[in-house]
Amino acid sequence: MLAQLEDAVKYLKRKELLSILKIQTTVLKALEDFMVSRGFIQLMPIITSRFTDPLGPDPGSSVVALPKIKYYDEELVLTQSMILHKQLSLLTGADKIFIMSPNVRLEDKARRTTGRHLFEFTQMDFEIAYGTMKDVMSLTEDMLCEVISRVLKERGEELELLGRKLEIPPRPFKVYTTHELEEEYGKNWEILASLENKYPFWVLCFKREFYDREDPENPGHYRNYDLIYPEGFGEGLSGGEREWEYDKIIARIERDGLDPSRYREYLYIAKRGLLIPSAGAGIGVERLVRFLVGAKHIGDVQPFRRVPGEPVFL
């Protein structure tokens, strides 16, 4: 144990880590500045709740357990994603919101070697009332280009130390569908497609959680999207237009074999017709920083690594 603790101390004292943390500081400030400049209201994150994002039946999910705590007579879950609460937050009358949201996802230990997975991380979640897929994609492209511009302007010394060259990607980003990429690369298309692209690109139409809206004009297809980083860095943002009508939500929950009682409070509000159409996304902060600094493994951008399958020493 003492030897591992000494290794953890050496890891914290790496000069590369300090450069990465300086770049992360610029990234966080740039994200917040950008969102506020576009009229978004910042909310505080929800850490515990009666319900959270089920992360299923998304085939990309490998969560092995839902984190829970007992607090007096209540059983609460830790946030896996704030998507359901983002929808509910629009009841305040705010039309655009964002949150720096800590997430706990107890991933399978096999994810240790992907270079992309953590079991504790932060994402910038945002939601737009009456927003569309096109709104979110346009906003995200502007946001990513602004973040890269700020990093290039303010953190050139750190990028040079890390040996990382960045380029502001041309807009609009390329757009593919999951069907196109699966046909070209097979079911495990994400990294293969990422390696073959020089700039970030969009992928549309994933069959996943009940809150992502099915295309009313094309049943079996979905109005959702992922942003994929190039160079093999993979998915960096995930989002979609939201289902807001109770009948459609409950039908999807039952179709996917989920327990409706786990979402009783959310469904109560939906049944009253209080949810409104919206669209949003969550961008993983650590994944963004990893892409910007060119880190081999996402754990390398964290001072206190939270990698599935790795022991926690600090």
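Colleague: Is Glu245 buried, exposed or partly exposed?

Modeller: Glu245 counts as partly exposed, because its relative accessible area is 33%. Keep in mind that this is a predicted model.

Colleague: And which residue does Glu245 form a salt bridge with?

Modeller: Lys248, with the closest N and O atoms 3.1 Å apart. Lys248 has 39% relative accessibility, so it is partly exposed as well.

Colleague: How many salt bridges does the structure hold?

Modeller: There are 29. One of them joins Lys86 to Asp125, where the closest N and O atoms are 3.0 Å apart. That pair ties together distant parts of the chain: Lys86 sits in helix H3 (residues 83-89) and Asp125 in strand E8 (residues 120-129), 39 residues apart.

Colleague: Are Lys86 and Asp125 buried or exposed?

Modeller: Both Lys86 and Asp125 are buried. Asp212 and Arg208 are buried too, and their side chains meet in a salt bridge at 3.1 Å, N to O.

Colleague: Which residues are linked in a network of salt bridges?

Modeller: The network takes in Lys86, Asp125, Glu127, Arg208, Asp212, Asp226 and Arg242.

Colleague: What lines the largest cavity?

Modeller: Leu31, Thr140, Met143, Leu144, Val147, Leu227, Ile283 and Leu288. By type, the lining has 7 nonpolar residues, 1 polar and no charged. Helix H4 (residues 133-154) gives the largest share, with 4 residues.

Colleague: Leu288 is in that lining. How many of the residues of H10 are buried?

Modeller: 9 of the 9, so H10 is largely enclosed by the rest of the structure. Val285, in helix H10 (residues 285-293), is buried with a relative accessible area of 3%. Val285 is 254 residues from Leu31 in sequence, but they are 9.6 Å apart in space, C-alpha to C-alpha.

Colleague: What comes just after H10?

Modeller: Gly294, which takes a positive phi of about 75 degrees.

Colleague: Last one, the surface. Which residues make a nonpolar patch?

Modeller: Leu12, Phe304 and Leu314 make one of about 260 Å². Leu12 belongs to helix H1 (residues 2-12) and is partly exposed, at 33% relative accessible area.

Note on methods. Residues numbered from 1 in each chain as written. Predicted model: local features only at pLDDT ≥ 70, side-chain atom pairs only at ≥ 80, totals over all residues. Heavy atoms only, no water. Patch = residues over 30% accessible without salt bridge, like charges linked within 9 Å, V, L, I, M, F, W, Y side chains within 5 Å. Areas by Shrake-Rupley, 256 points an atom, 1.4 Å probe, with all protein chains shown as cover. Salt bridge = Lys/Arg side-chain N within 4 Å of Asp/Glu carboxyl O. Helix = DSSP H or I, 4+ residues; strand = E, 2+ residues; numbered from the N terminus. Buried < 20%, exposed > 50% of the residue type's maximum accessible area, 1.4 Å probe, protein only. 1 Å grid on protein atoms, 1.4 Å probe; cavity = no way out; pocket = protein on both sides within 12 Å on 5 of 7 lines; lining within 4 Å. Nonpolar A, V, L, I, M, F, W, Y, C, P; charged D, E, K, R; others polar.
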